[in-house]
Amino acid sequence: GPINVAEAKGLLPKKEKDLIRSRAEVVLEENRQALIEAQAKHWANDTYGVLAIFQAMDAAGKDSTIKHVLSGLNPQGVKVTSYKVPSTQDLDHSWLWRYGPGLPARGELAIFNRSYYEEMLVVRVHPEVLDAQRLPKSARTRHIWKHRFEDAVAFEQHHAGGGHVQAQPQQRGDQQHRGKGGEVQRPHHLRRHQHHHQRQRD
């Protein structure tokens with residue numbers, strides 16, 4: 001079954017912990033080799049761009065997970081973008097603008113350390129962040145979040161139509177957005193708007 005070292009911590013004798021760690025290192029190396037092979041095929045195919053979004057709370061293990069994922073991969077085909085507090089340049093553009101340059105080209109793997117999902121989460125509960133965006137009054141209506149959900153869905157579908165494949169790896173240390181099975185979920189309203197938008201397209 002899956003290895004969950006975090007759950008075993010403090011509950012197992014040292015000998016069993018060492019066995020779990022040894023097994024985890026073997027599995028990690030096997031997965032690393034599989035990633036190296038997959039990246040080579042992905043690069044040679046030159047058709048799709050893969051985007052992996054790591055969205056989790058602080059100290060959930062995003063940085064260490066990304067470090068392990070990247071080890072052994074060809075750096076020419078990988079780029080990582082960390083999204084923190086928007087810069088002055090970011091604030092001079094629309095809210096989705098800064099995420100475009102980090103998207104993968106065909107044959108590339110791009111990793112987002114946090115993403116535009118922050119707009120559905122942090123900005124909604126911290127009005128001062130929205131204030132910093134200096135939006136015109138006409139844009140700050142009661143429909144602003146509905147419009148941003150729709151924008152995010154359209155952003156993803158536009159790039160998917162051009163060959164982008166998007167994934168959101170599970171972060172076990174984060175309980176911020178979990179489904180019933182423990183998988184990391186995108187913001188509830190974003191999923192709902194995506195399903196509605198897809199029905200309209202169909």
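**Exercise 1: the setting of arginine 140**

Arginine 140 counts as partly exposed because its relative accessibility is 37%, where buried means under 20% relative accessible area, exposed over 50% and partly exposed in between (1.4 Å probe, protein chains only). The model is a predicted one, in which local features need pLDDT of at least 70 and side-chain atom pairs count only at pLDDT 80 or more, while totals for chains, interfaces and linings use all residues. Residues are numbered from 1 along each chain as its sequence is written, and side-chain values use heavy atoms, with hydrogens and water left out.

Task: state which residues arginine 140 touches, not counting residues up to four places away in sequence.

Solution. Begin with the location, which is the loop between helix 6 (127–132) and helix 7 (144–161), helices being DSSP runs of H or I with at least four residues, numbered from the N terminus. Next, list the contacts (heavy atoms within 4.5 Å), which are Leu130, Asp131 and Leu135. Finally, note that leucine 130 lies ten residues from arginine 140 in sequence and 9.2 Å from it in space, C-alpha to C-alpha.

**Exercise 2: helix 7**

Solution. Turning to burial, the buried residues of helix 7 include Trp145, Phe149 and Val153. Just after helix 7, glycine 163 takes a positive phi of about 110°.

Key: Helices (H or I, at least four residues) and strands (E, at least two) are DSSP runs, numbered from the N terminus.
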